[in-house]
Amino acid sequence: MDRVDINCDLGESFGAYRIGNDEEVLPLITSANIACGFHAGDPGTMRRTVHLALAQGVAIGAHPGLPDLIGFGRRNMEISPQEAYDMVVYQIGALDAFVRAQGGRMQHVKPHGALYNMAAKDDKLAEAIAEAVYKVSPDLILFGLSGSALIRAGEKIGLRTASEVFADRTYQQDGSLTPRHAPDALIDDPVTAARQVLRMVREGKVMSRQGVDVPITAETICIHGDGPHALQFARRIRELLETAGVAVRAVGLG
């Protein structure tokens, strides 16, 4: 591929608690996934983050998660497809109101954390999320793990999808992310992360923890905004991609 999007999860502060480096990261990315109040975020944080993203010309997406502030939306919950649909519609609507109020337009939806990982494997859950996005607006782009049930569900219902890869996570040989509780789940070295990203973009492959190459489609790259190395990762990855002749721009720009 000769072009790719860089996205980051932002707006994940809550009340008096501050998480991430939103202002510093925004100039380095092309799409922002903004928390909608369930796993993180609050009305004031949503408004401010939308303002910052629009000022930087960064495309905006809703980042709906499970209603689990204490667990930051990263703990699995037993929910029905109908509950998933309702949660996603509710959260998209909340963020969309802030975007419209500031004269912007929302580009995409990317589920967060456990909801994202559950929908990557559960067809019914994936279909409910895709339906929620489609019924709110069929023009929205659905972000999902490359090769996942969520991408298939989006394509099936008629949404444009963006296959996502992760800069700071390791992979299993089935194409899934290594669970966060595993000791080798996270990549802490920006150089290693950047090399993994370039190979995914250029070769369409990632080396799994089992030592097997896994085919992968990299249309958008995720950098976690709450990670301790988010800024270093964003700088290194963007620099390496542009040096290699890969254009970095939002998926909604054609």
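On a 1 Å grid over the protein atoms alone, a pocket is an open set of points where a 1.4 Å probe fits, with protein on both sides within 12 Å along at least five of seven lines, and its lining residues have an atom within 4 Å of a point. The model is predicted, so that local features need pLDDT of at least 70 and side-chain atom pairs pLDDT 80 or more, whereas totals for chains, interfaces and linings use all residues. Residues are numbered from 1 along each chain as its sequence is written, and side-chain values use heavy atoms, without hydrogens and water.

**Exercise 1.** What volume does the second largest pocket have, and which residues lie nearest its centre?

*Solution.* The volume, taken as the space filled by probe spheres set on the grid points, is about 400 Å³ for the second largest pocket. Its lining comprises 23 residues, and nearest the centre lie Arg105, Met106, Gln107, Asp139 and Leu140.

**Exercise 2.** What volume does the largest pocket have, and which helix gives the most to its lining?

*Solution.* The largest pocket has a volume of about 490 Å³, and among its 23 lining residues Gly113, Ala114, Asn117, Arg169 and Leu177 are the closest to the centre. Helix α4 (residues 113-121) contributes the most to this lining, with 7 residues.

**Exercise 3.** At what angle do helices α5 and α6 pack?

*Solution.* Helix α5 (residues 123-136) and helix α6 (residues 149-157) pack at about 45°, and their axes, which are lines fitted to C-alpha atoms over the stretch in contact, are 8 Å apart.

Conventions: Axes are lines fitted to C-alpha atoms, for helices over the stretch in contact, and angles run from 0 to 180 degrees between N-to-C directions. Helices (H or I, at least four residues) and strands (E, at least two) are DSSP runs, numbered from the N terminus.
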